[in-house]
Amino acid sequence: MEILGKNKEKIASILFYTALSIELLIVLIDKSALMNPWEGQLFRVTFVLFVLKVCLTKYSFREWLWMAGFGLLGLAVYYCTGENIILRIVVFVAAMKGMELKKVLKYVFWMTLAGSLLIIILACTGVLGTVSISQVFRKDVLETRYCFGMGHPNAFHCMFLMLVLLFMYSYRERLNTVILAGLFIGNLVLFYFTDSKTGGGMTAIAIVMTFLLYKGVKLQEKRWVYLLGILVFAGCIGISVWAAKYTEQVWNNPLLMKMDTLLSGRMVNLYWNNAQHAGALVTWTLFSDPSHLNYYFDMGWVRMFYWYGIIPGVVFTVMHILLIKECYRKRDYMGLIMIVTLAGYTIVEAHIISEYMARNYILFLFGGYASAMLSAEGEKEEQ
């Protein structure tokens with residue numbers, strides 16, 4: 001016990017990074033052409049490692065109460081659906097206490113970048129995966145687009161978006177106009193190969209927002225910027241709920257058809273892709289149902305409410321708003337940009353709404369700021 005006392009912090013860090021490394025490997029394997037028959041077992045391993053990290057971390061009584069409350073929510077979801085992701089998230093966020101947020105995200109960036117490059121190299125050398133796919137993507141036209149080993153062009157551009165967000169957050173002190181311009185041009189080049197409008201568009205928006213706030217130092221301090229972020233996030237949730245409500249009326253309403261076109265046909269798919277109309281608002285329940293987990297569709301926020309239930313969805317939405325508030329306290333403008341970008345992206349893509357925690361970088365922000373967010377008083381910190 002004396003040895004543990006002297007090395008508690010070091011052991012806790014090793015446990016955390018070991019679990020995080022496994023979670024990242026699971027994500028990279030999923031992105032590649034490899035199959036992972038041990039995925040479920042690996043999730044159990046990371047859960048235990050994060051629990052051990054929690055056991056070595058000191059929490060206040062208030063923090064234990066919050067953990068218990070969110071844990072009960074996770075148990076309710078598990079009881080109703082058999083899905084344990086909420087419990088895993090609660091433990092992961094709790095395990096983030098004491099870890100340096102930027103350091104953790106830098107680690108995520110470099111490991112994700114290394115894994116992505118390996119996937120690309122293996123595909124380009126013909127060892128594993130395909131470089132491109134030819135199929136009818138839209139308008140009944142046969143096209144060839146590039147996925148570089150990640151299965152689909154949208155998945156490849158999605159990974160580029162995630163790496164850009166990680167890089168800009170982790171190295172914001174080093175950002176300058178030349179670097180941001182390079183990222184913007186790189187995004188345009190990749191768009192030529194992938195034709196991924198959502199991925200390319202949201203990457204461009206993230207870079208432009210970063211440029212505006214990087215140049216506008218005073219804007220980083222303005223409360224209205226973060227209030228606007230809350231409105232944008234709420235708007236993304238609102239659009240998703242609206243799309244789920246009116247999905248069955250798309251064919252009969254020209255305005256809805258135009259909206260569906262802007263959403264890349266996602267509204268139509270919600271109602272017409274299966275006999276149960278999975279994802280339509282009428283199929284949502286308070287705590288979901290095991291059968292809901294059998295249906296996959298692209299609208300991420302709709303998937304969240306459909307898979308886990310209205311109550312967990314509302315809680316997660318409120319937590320995002322509190323997180324943006326904490327970003328204002330910390331003057332973390334890159335945190336705001338990450339939240340807003342992923343909120344927009346998740347309207348039409350479900351990359352971060354899955355069993356893979358390491359895909360959702362908002363969870364890292366929750367972990368880094370949870371203690372301050374849920375404390376009685378939030379001290380304003382300059383950052």
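Predicted model: local features only at pLDDT ≥ 70, side-chain atom pairs only at ≥ 80, totals over all residues.
**Exercise 1. How many residues does helix α5 have, and what distance does the helix reach from its first C-alpha to its last?**

Residues are numbered from 1 along each chain as its sequence is written, and side-chain values use heavy atoms, with hydrogens and water left out.

Solution. 
- Step 1. Helices are DSSP runs (H or I, at least four residues), numbered from the N terminus. Helix α5 covers residues 101–124, which gives 24 residues.
- Step 2. The expected span is 1.5 Å times one less than the number of residues. Helix α5 reaches 34 Å, close to the expected 34 Å.
- Step 3. A residue is buried under 20% relative accessible area, exposed over 50% and partly exposed in between (1.4 Å probe, protein chains only). Among the buried residues of α5 are Leu101, Val104, Val108, Phe109 and Ile119.
- Step 4. Just after α5, glycine 126 has a positive phi of about 80 degrees.

**Exercise 2. Determine the geometry of the ring pair formed by phenylalanine 50 and phenylalanine 92.**

Solution. 
- Step 1. Rings of Phe, Tyr and Trp (its six-membered ring) pair if their centres lie within 6.5 Å; planes under 30 degrees apart count as stacked, over 60 as edge-to-face and the rest as tilted. The whole structure contains 27 aromatic pairs.
- Step 2. For phenylalanine 50 and phenylalanine 92, the centres are 5.3 Å apart and the planes make 75 degrees, so the pair is edge-to-face.
- Step 3. This pair links distant parts of the chain, with phenylalanine 50 in helix α2 (residues 39–55) and phenylalanine 92 in helix α4 (residues 85–95), 42 residues apart.
- Step 4. Phenylalanine 50 counts as buried because its relative accessibility is 2%; phenylalanine 92 is likewise buried, at 2%.
- Step 5. Ring pairs join both residues into a cluster that also includes Phe16, Tyr17, Tyr107, Tyr361 and Phe364.

**Exercise 3. Identify the contacts of arginine 172 with aspartate 332 and tyrosine 333.**

Solution. 
- Step 1. A salt bridge requires a side-chain nitrogen of Lys or Arg within 4 Å of a carboxyl oxygen of Asp or Glu. Arginine 172 forms one with aspartate 332, the closest N and O atoms being 2.7 Å apart.
- Step 2. The partners lie 160 residues apart, arginine 172 in the loop between α6 (153–170) and α7 (177–194), aspartate 332 in the loop between α13 (310–330) and α14 (333–348).
- Step 3. Both arginine 172 and aspartate 332 are buried.
- Step 4. A charge sits over a ring if NZ of Lys or CZ of Arg is within 6 Å of the ring centre and within 35 degrees of the ring normal. Arginine 172 lies over the face of tyrosine 333, at 5.9 Å from the ring centre.

**Exercise 4. Describe the surroundings of arginine 331, with reference to glutamate 221 and tyrosine 328.**

Solution. 
- Step 1. Glutamate 221 and arginine 331 form a salt bridge, with their closest N and O atoms 2.9 Å apart.
- Step 2. Glutamate 221 is in the loop between α8 (197–215) and α9, and arginine 331 is in the loop between α13 and α14, 110 residues apart.
- Step 3. Glutamate 221 counts as partly exposed because its relative accessibility is 34%, whereas arginine 331, at 5%, counts as buried.
- Step 4. Arginine 331 also lies over the face of tyrosine 328, at 4.3 Å from the ring centre.

How values were computed:
Helix = DSSP H or I, 4+ residues; strand = E, 2+ residues; numbered from the N terminus.
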